[in-house]
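Here is a friendly briefing to keep beside you as you turn the model around.

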Amino acid sequence: MKEWFVENCRRTAGYVKKQIRWAADRECGIGDGKRLYTGGSESSLSAKVPPESLALRLSSFDVISFDVFDTLILRCVSRPADLFYLVGMTLNYPDFRKLRIWAEKKARMEKGRCGEVTLEEIWDILEEESGIDRETGMAAEWEMEKRCCSGNPYFLEVVKRLQRKGKCLAALSDMYLGGQRVRELLDRCGFEAVKYCFVSSDSGASKWEGSLYEKVKAHMGKEMSYVHVGDQLDSDFYQARRHGFAAYHYPNVNEAGAPYRPEDMSLVTGSLYRSLVNCHIHNGLCNFSREYEYGYIYGGLFVTGYCRFIHHYVRSHGIDKILFFSRDGTVLMEAYRKMYPEEKERISYAFWSRLAALKVTAAFYKHEYFQRFLYHKTGHSFTLGQVFESMELSFLLPSFCRRYKEFPDHLLTHRNVEIVKEYLMKRWNQILESYRGQREAAGLYYRELLAGCRSAAAVDVGWAGSGAVMLDRAVNHLWNLNCPITGILAGTDSARIGQGEVGETFLVSGRLVSYLYSQRENRDVWKFHDPAKEHNLYWELLLGAPWGSLQGIYPDGKGGYRCRLKENPAGAEKIRRIHQGILDFTEDYLQAERRMGRKIPISGRDACGPMLNLCRRENEKFMEELKGLMDVIHVG
């Protein structure tokens, strides 16, 4: 046996051991306790030789055969039988998946030792048991099979190169569909170059008991040299070798990804999500970066579902304008445009930030002003100079220092925070006057942005919803634009830190709405989410822009305005990779829906599914490589 096949055998043995160990690691609780891979990118676990290298190695054999399903062809469900959920939806028949599995099992038992059955034989039993017309049922199943299948991008490249070399290619499948249907699937999925097709239900022989390999040799010639490629260890690897084939094990993408994929999701959406991620990450064509995978695996489903939530809300409530807040709205708006290109006139990127809002609305939210600028910074190594500068009140610092015998490099502590507040309270009118230019400039900006609008929605990641609340106050009570603003949040403040009531009154009144969780929806997630463990930052890292946050909106000296941003973060390129992962998932999800001919809903609870395991204590190490980016997002 050639060296590369020996190496493949060694890796295959290690693969089996990992599956056993990972299965033993599962725990109970929210999520499903899966331990995420921390040794690098997840795709590195399924790194393969480049397609051109595998094609070169395979080309030394006369006949190259491939398994079909989970090798050449991938489905958009994580388990083969999950296809029957979709068939049941088409047939409008309850519990169809279970019934379809039972009918196939019964058909195989009746067939005897061979156990190879046809789709027609399965539906003979299913028609009698269910009352569904046999031809109607078979047509529905076959149509859904065609819709759910696509070519494995890794093997599309391999087969293309083998075709150029003029090699003899064959497909072998233990499958009830029959050779004609399998042949059609291969052609539809881009494998027209695979000339021969051997299917167990046609020949009464199978890979799993080895006789199909003998059929191939009898047809092609025993003097030929053979190699077989497939995902099943018993039928595609060991049996192939027993019958004179060299064998190359291509690990099943869904089995490779299963140790890391959440099961705590609804049946259909969860199956589609797991399949999309496993097929993309584990097909072996690309070794992705950790940042890209963070976006694709943990952000893609969330952003796709969140955009649908936004779309449904604004349509059902007659909202004129969607404002995607900077910076968290950057990738959200890009995904929304991809999903709803017809709404480009309805959406706008809106420069707004907590810092800008505090200054513009200081007269309305005095308590919030001091909470954010003073008390939230107390005891966190901020100097008095930094605190006054963040409020843009450095002109008041010298008199404060003289009066209270402090120095600009003294830290803001619980000892001096009250005297700082007392000093600023006495100069409150002076402070408000210093922000007058920003109030007026922001008013000019939002008059342009909201021109002709009677209502608008402000999209943000969360958590208290203060950004939208403050903008609504400024728009309607400061600038008198008569345009109510509804805040659409990804998630609300958590119960964990005793602040779960901060935005509750706005949620009750409908001024805020939340997608992922709140006090009244998905309370298990609401209780689990813990800002003290940086859970907020995990979500913000998915959405944060590769440029600085808004410092403020200022007069430009010419009767207009200018938006001043903070310095761009050092990790801008890594943030772009996260966004690319998110956008690629969105595109893959939409393509899968188009193939299936139906939309698969993404509830807020399902959108949380991938993140719940990541946020568990045993996976804290997973985020270590991304900690620097989280700090950038937090500072921004």
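Predicted model: local features only at pLDDT ≥ 70, side-chain atom pairs only at ≥ 80, totals over all residues.

Residues are numbered from 1 along each chain as its sequence is written, and side-chain values use heavy atoms, with hydrogens and water left out.

**How the spaces are defined**
- Everything is done on a 1 Å grid over the protein atoms alone: a cavity is a set of points where a 1.4 Å probe fits but cannot get out, and a pocket is an open set with protein on both sides within 12 Å along at least five of seven lines.
- Lining residues have an atom within 4 Å of a point.
- Grid points are joined across faces, edges and corners, and a volume is the space filled by probe spheres set on the points.
- For the classes, Ala, Val, Leu, Ile, Met, Phe, Trp, Tyr, Cys and Pro are nonpolar, Asp, Glu, Lys and Arg are charged, and the others, Gly among them, are polar.

**Cavities**
- Searching the whole structure turns up five cavities of 30 Å³ or more.
- The largest cavity has a volume of about 60 Å³, and its lining includes Leu36, Tyr37, Glu42, Arg290 and Phe622.
- That lining comprises six nonpolar, one polar and three charged residues.
- The second largest cavity comes to about 50 Å³, with Tyr517, His529, His535, Trp539 and Cys608 among the residues that line it.
- Helices and strands here are DSSP runs (H or I, at least four residues, for helices; E, at least two, for strands), numbered from the N terminus.
- In the second largest cavity, α28 gives the most to the lining, with three residues.

- Of its 25 lining residues, Arg75, Pro80, Glu104, Asp174 and Met175 lie nearest the centre.
- At least two lining residues each come from α3 (83-91), α4 (96-111) and α11 (233-242), and α4 has the largest share, with three.
- By class, the pocket lining has nine nonpolar, five polar and 11 charged residues.

**Helix α8**
- Helix α8 spans residues 179-188, and its buried residues are Gly179, Arg181, Val182, Arg183, Leu185 and Leu186.
- Buried means under 20% relative accessible area, with a 1.4 Å probe and protein chains only.
- Just after α8, Gly190 adopts a positive phi of about 100°.

Notes
Buried < 20%, exposed > 50% of the residue type's maximum accessible area, 1.4 Å probe, protein only.
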